[in-house]
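Hello,

Here is the structure we talked about. Please open it alongside this note.

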Amino acid sequence: MHRFLSISSKSTTLKSHKQLQLPFISPISYATPNGHSCFHYFNQKSPSLGSWIGFDRFFSSGYFPNRVNLREHEGNGNGFLRLKGFVGGVRSFSSETDRESIEYDVVIVGAGPAGLSAAIRFKQLCQEKNADFSVCVVEKGAEVGAHILSGNVFEPRALDELLPQWKQEETPINVPVSSDKFWFLTKDRAISLPCPFDNKGNFVISLSQLVRWMGLKAEELGVEIYPGFAAREILYDADHKVIGIGTNDMGIAKDGSKKENFQRGVALKGHITLLAEGCRGSLSQKIMKEYKLREKVQAQHQTYALGIKEVWEVDENKHKPGAILHTLGWPLDSKTYGGSFLYHMKDRQISIGLVVALNYHDPFLNPYEEFQKLKHHPSIKPLLEGGTVLQCGARTLNEGGFQSVPYPVFPGGAIIGCSAGFLNVPKIKGTHTAMKSGMLAAEATFGVLHEGSNMEAYWDALRNSWVWEELHKARNYRPAFEYGLFPGLAISALEHYVLKGKSPFTLKHGKPDHEATNVAKLHSPIQYLKPDGILSFDVPTSLHRSNTNHDHDQPAHLRLRDPNIPETVNLPEYAGPESRYCPARVYEYIPDEKNQLKLQINAQNCLHCKACDIKDPKQNIEWTVPEGGGGPGYSVM
C-alpha cells in the first residue's frame, strides 16, 4: 500500500523556522558520519494518515533552530494528508519499497557559488512573475561551506547583478585588495615581474563564509537546502530524460550489509535538474559521457590542476589585509605548470597554497611535498615564522577554459559552474563566472517552467554573456605552457599586452592529464626533506587540520575498475604514483604476508580533491560519493 503526503505552500522567512519535508522514517537521529545530526524526528507515531510529526532542522548556516511541531493538518478526503506552513511547492512522498520519492520543480546538486546563485536567481524570478515553483538544493557536506576552504580573491561582478544591495548588508566581503605582486621564484630569490592581474575593485574573502551567507539569502527566498546528503545517481524516465537524482544510502557497513541505522536514499525528482557539483563532479562526468556533451560541440578534454592550501594566523606586524602575492617557478621545474598564491585575509589570517597542473610528467613528483618546500623559501619563510596553521585542505581546479567547455544542456537539465569548467586561468578566478553561469541557467529554467521554452536558451545566453567573452580572451594562456615555462610566459605576455585576447588562433591542450605521466624509468626518485613541524608538516598532521572524517564502517567510495592494475601496471611501470599525487595518503603500497607490495586504500582520509580520478595513468580509479556529511569539515573563518 502506498501512502502520499501533499504539502501546501506558504511564504515565510528564515526567522519563521522553515520546515523540512522528508519521508516518514523511524524516530532516530539521521546523522552524518562525522556525528553531526542533520535531522531528528521526535514524538513520532505510526506513519499513518493524521500522524503528528515534528523534527529539528540543521540549517545550512550551521545551527539548530527552535524545535517545530507540525500540528496543522487536514485530510482532503482522498487518502492524502495536507500539512500547512512548509516552504516550497507541492511535494509528494511515496513509500515505495525501493525508496521514498520527493518531487520539486527544480533540483540543484551542490550548494556552492553556482548552485546557490541559480537557486537565488530562480526564486527572484518567481517573485517578479508571481509564480510558485519549488527549489531544492542538496549538499554532500555536513553544512553549506564545509567542503570549501577559506582564501579567495573575489570579483564581485556576478554578485552585483544577483544581489545589488550586498554592500549595504553585513556580508563577509570586507577586505578590499590593497596590493598585488607577482614574483618569479628561484631557489633563493624572488624576482619581481609586471603584475598581469587587474584586481582593482576585488576583495580577499573566505569563500566558505560567502556561500554560507548566500545559503541564508537563498533560504529567505524559500529555497530548501539539505546539507549532509550526497547525490549518488541520476534518475531517468522511460524516454531517457533526466528526472532528478537519488541520494546515497546511509548506514551500510563495509561488507555491504545494512546496519541498525540504515536509511534508504531518497529520490529527489524535478522537472529540471541542475548539476553544480564543482570541479570533476561525479554525476556531471557521467552525464557528459552519457549524452556525449563534449562531442556535441567538439570541446577538447578538460585539463586540471591540484591546489593544496593552508590557512595561517600570523603575527599582526606582518599582516597586511588585502595584500596579494602570486608566484611562478620554484619549487616546480620548468616543465611543470603551476604556481603559488598568498592572500592576506582579515583577523591576521593568510591563505597560502601551491597549484600544480596535473599534466606533469614526473611520476615521482609529490605535490604535497612541493608545497612543504615552498614555505621554506627565504622570501616566504619570514612571514610564516611564529605563526600557526589553522586549517589545511586540497582541491582540483578546471584549467581547460574556453576550449574545454562542453555543451552544458542535457534532456531534463544543465551543468553549471565548475562542473562545466568556467575558471579563468590567467585571472585565477572562477567564482564570478560560476555564479553567472548559475544565474543564466536559472533564467532558462524559469523560462521552461513558466513560459514553455527550452533549456537550450541557457547555452545561447551563455555564449552571449560576459562569461564567454572573458573565457575566449583567456583561451591561449594555459595551453601556451605546453611548450614549457619560459615559452609559456612569452606567449602569455604577447596575448596579454599586445594581442589583448584577440589572437587569430586558438591553441590546443596537450595530452589528457593521465596520459601525460611518464614511466618511472625516465626519471629519478625525488628526495624530499623531512618536515620540521614548524613550517612544513607530515600528512597526518595536515589531515587533522582538515577535520576530515568518514565513517570507517562504510563501503569504500574509491573504487578500482580492475583490482589488478595497481600491482601489475602502476607499481612496476610508474612506481606507484597514486601514493604521491594524492595529498592525503589515501593510497599506500603495503607489504603483504609474502612481502609483496599491495595497494591499500585508506578511503577515510579522502579530502574529496578527486586528483586520483583524474591522474591515475590507466583511469582505473573511480571517485564516487561517500555517505553524506563525510569528508573535510572546514570551519567558519
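Below is what turned up, from the inside out.

Please keep in mind that this is a predicted model.

The core first. The largest nonpolar core has 83 residues. Ile108, Ile245, Leu268, Leu274, Ile287 and Tyr458 touch the most other members. Take Ile287 as a way in. Leaving aside residues up to four places away in sequence, Ile287 touches Ile234, Tyr236, Val242, Leu275, Lys292, Leu293, Phe410 and Ile415. Another core lies apart from the largest one. That other core has 64 residues, including Val311, Leu354, Val355 and Ile621.

Now the surface. Leu494, Tyr497 and Val498 form a nonpolar patch there. Together they have about 300 Å² of accessible area. Val498 lies in helix 12, residues 485-499. Is Val498 buried or exposed? Its relative accessibility is 57%, and the cut-off for exposed is over 50%, so Val498 counts as exposed.

Last, a loop residue. Glu169 lies in the loop between helix 2 (157-162) and strand 12 (179-185). At 34% relative accessibility, Glu169 counts as partly exposed. Glu169 touches Trp213 and Lys217, again not counting residues up to four places away in sequence.

Best wishes

Conventions. Residues are numbered from 1 along each chain as its sequence is written. This is a predicted model: local features need pLDDT of at least 70, side-chain atom pairs count only at pLDDT 80 or more; totals for chains, interfaces and linings use all residues. Side-chain values use heavy atoms; hydrogens and water are left out. A nonpolar core is a set of buried Ala, Val, Leu, Ile, Met, Phe, Trp, Tyr and Cys residues joined through side-chain atoms within 4.5 Å. Buried means under 20% relative accessible area, exposed over 50%, partly exposed in between (1.4 Å probe, protein chains only). Contact means heavy atoms within 4.5 Å. Patches are made of residues with over 30% relative accessible area and no salt bridge: like charges are joined within 9 Å, nonpolar side chains (Val, Leu, Ile, Met, Phe, Trp, Tyr) within 5 Å. Accessible areas come from the Shrake-Rupley method with a 1.4 Å probe; for residues, only the protein chains shown count as cover. A salt bridge is a side-chain nitrogen of Lys or Arg within 4 Å of a carboxyl oxygen of Asp or Glu. Helices (H or I, at least four residues) and strands (E, at least two) are DSSP runs, numbered from the N terminus.
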